[in-house]
Amino acid sequence: MRILVSGASIAGPVLAYWLSRYGYAVTVVERAPALRKTGGHAVDLFRPAMEISERMGVLPRIEELATGTNRLVVTREGAPGPVAIDLAKVFSAASDRHVEVMRDDLSEVYHDAARDAVEYVFGDRITAIAADGTVTFEKAAPRRFDLVVGADGLHSGVRRLVFGDEARHTHLAGAHLAVLSVPAELGRDGEMRMHLGAGREAAVYGARHLTDARAVFLFRSDRESHTHRDVPRQKDLLRRTFAGMHPEVDVWLGELERTAAFYFDAIIQLQLDSWSRGRVTLVGDAGYCPGPAVGGSTSLAVLGAYVLAGELAVAGGDHERAYPAYEREMAEVVRRSRAFARGVAKTLIPSSALGVRALLGGARLLSALPTPISRAIAKANDKGLRLHDSIRLKAYP
Ligand SMILES: Cc1cc2nc3c(=O)[nH]c(=O)nc-3n(C[C@H](O)[C@H](O)[C@H](O)COP(=O)(O)OP(=O)(O)OC[C@H]3O[C@@H](n4cnc5c(N)ncnc54)[C@H](O)[C@@H]3O)c2cc1C
């Protein structure tokens, strides 16, 4: 049985690993010319995704590559000085097991886990999928596959082909997100420095093994037109939105002229009720992104890939049984991740000075309390902060 996966970032390689372990012949097609190694950002693995990585035998390598960012130094606009927050404590309140790692490092680890058992095709993309499984590519000759899986991210090409343009998405809290690569000396190992104001926040972080650092900008704006792919306009909007925030932020904005990697998008949540049709299904951000940077979407992508492969194995490759079982298994965690992300998007980018104080106060409290107490507070709210740890991983044969 031949399965085609579109996208070689997180969900794609994890799915390819498990499918090949269950004996399926897997091809992964990736639009980029090689595994992405520039740009990217830090992502989080919480308990279920760490357990899956452990079962894949790659957890020690992931832990070696951890960013090690364990201190957040926040300057509130208009406040006299910065406050330090113990991020390790905040994360340990959210999950008993957590690691932060750069997405591109994680992608490479998952890719390497099954590189010899999987056919990887870089620099190509799917242009059509026929009902009988014949797939047409931009460059390669058409081929027939039994199943096709879109693991090609928030703006999935497979989803567009099967479900239509940007099927059922919503913008969270009118929030936007931008990341740029900046010189390594602007970041400090183990530390994220942040400036926080009503409706806007900017931060920089680095990691020991990176040759650059990353500046992140989050801000509120309801104008959907910002998402159009007009990079000069996006950069100009960033400069205007963050003007006068702090001299340090001006230095980061100065890098907009030279940066080698720039990302800008609205924080979008997908709201498909079902993400399978015929032989095609979606996994990770392509199917159920709760919102980048606000909903634990990387852990969700790893979990979804593991569950999809497991359900296909249990159903002996019968997608008419496996796809509904996969959707049933994921439905609750997807629903809760969406609700969680909507709340985080509002809290993380407060629209008022009062909201800024509340965010900072909450983070300081979690950081100051002894870990067992902050954990107990977080545990009282299983639907929110402890969402990932409340997931019980299904065992597949
Ligand atoms: C700025 C930013 C910050 C984030 N911060 C966090 C965080 O703090 N914590 C967290 O958990 N998550 C975070 N995320 C989200 C996280 O990156 C994603 O949830 C995760 O990468 C999802 O993995 P994926 O494999 O589903 O999709 P993606 O990582 O988006 O990968 C999709 C892959 O498909 C490829 N592709 C795209 N279109 C095509 C096509 N037509 N044909 C073939 N290939 C294609 C892409 O090149 C890419 O390799 C953040 C995201 C962004 C953008």
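Tutor: Two strands are said to pair when DSSP finds at least two bridges between them. Strands (E, at least two residues) and helices (H or I, at least four) are themselves DSSP runs, numbered from the N terminus. The structure is a predicted model, in which local features need pLDDT of at least 70 and side-chain atom pairs count only at pLDDT 80 or more, while totals for chains, interfaces and linings use all residues. Residues are numbered from 1 along each chain as its sequence is written, and side-chain values use heavy atoms, with hydrogens and water left out.

Student: In what order do the 3 strands of the open sheet stand?

Tutor: Strands of a sheet pair through backbone hydrogen bonds, in either a parallel or an antiparallel sense. Here the order is β8-β9-β10, with antiparallel pairing. Because β8 (126-129) and β10 (143-144) have a single partner strand each, they stand at the edges, and one side of each has no neighbour in the sheet. Between β8 and β9 (residues 134-137) there are 3 bridges; alanine 128 has threonine 136 in β9 as its bridge partner.

Student: How many residues of strand β13 are buried?

Tutor: A residue is buried under 20% relative accessible area, exposed over 50% and partly exposed in between (1.4 Å probe, protein chains only). In β13 (residues 191-197), 7 of the 7 residues are buried, so the strand is largely enclosed by the rest of the structure. Glu191, Arg193, His195 and Gly197 point one way from β13, whereas Met192, Met194 and Leu196 point the other way.

Student: Which strands pair with β13, and in what sense?

Tutor: β4 (residues 71-76) pairs with β13 in the parallel sense over 6 bridges, and leucine 72 stands opposite methionine 192. The pairing of β13 with β14 (residues 200-205) is antiparallel, over 6 bridges; histidine 195 has alanine 202 in β14 as its bridge partner. β13 and β14 form a hairpin with 2 residues between them, and glycine 199 in the turn has a positive phi of about 80°.

Student: Which residue other than glycine has a positive phi?

Tutor: Alanine 293, with phi near 75°. Alanine 293 is in the loop between α9 (285-288) and α10, and counts as exposed because its relative accessibility is 59%.

Student: Which residues come nearest to the ligand?

Tutor: A residue is near a molecule or strand if one of its heavy atoms lies within 4 Å of it. There are 28 residues around the ligand, and Ser9, Ala11, Glu30, His41 and Ser297 come nearest. The shell divides into 12 nonpolar, 8 polar and 8 charged residues, where Ala, Val, Leu, Ile, Met, Phe, Trp, Tyr, Cys and Pro count as nonpolar, Asp, Glu, Lys and Arg as charged, and the others, Gly among them, as polar. At least two residues of the shell come from each of β2 (25-30), β3 (42-46), β12 (169-183) and α10 (297-314).

Student: Which side chains have an N or O atom at 3.0 Å or 2.7 Å from the ligand?

Tutor: A polar contact is a pair of N or O atoms within 3.5 Å; within protein, one must be able to donate a hydrogen and the other to accept it, and residues adjacent in sequence count only if both atoms are side-chain atoms. An N or O atom in the side chain of aspartate 44 is 3.0 Å from a nitrogen atom of the ligand, and one in the side chain of serine 297 is 2.7 Å from a ligand oxygen atom. A polar side-chain atom of glutamate 30 also lies 2.6 Å from an oxygen atom of the ligand. On its own the ligand has 1,000 Å² of accessible area, of which the protein covers 90% (Shrake-Rupley method, 1.4 Å probe; for residues, only the protein chains shown count as cover).

Student: Where is the place of threonine 259?

Tutor: Threonine 259 is in the loop between α8 (247-254) and β16, and its 16% relative accessibility is why threonine 259 counts as buried. A polar atom of its side chain lies 2.8 Å from the backbone oxygen of serine 181, and one lies 3.0 Å from the backbone oxygen of alanine 261.

Student: Is tryptophan 275 buried or exposed?

Tutor: At 2% relative accessibility, tryptophan 275 is classed as buried. Tryptophan 275 lies in the loop between β16 (262-270) and β17 (276-277). Contact means heavy atoms within 4.5 Å; leaving aside neighbours within four places in sequence, the contacts of tryptophan 275 include Phe163, Leu282, Tyr326 and Met330.
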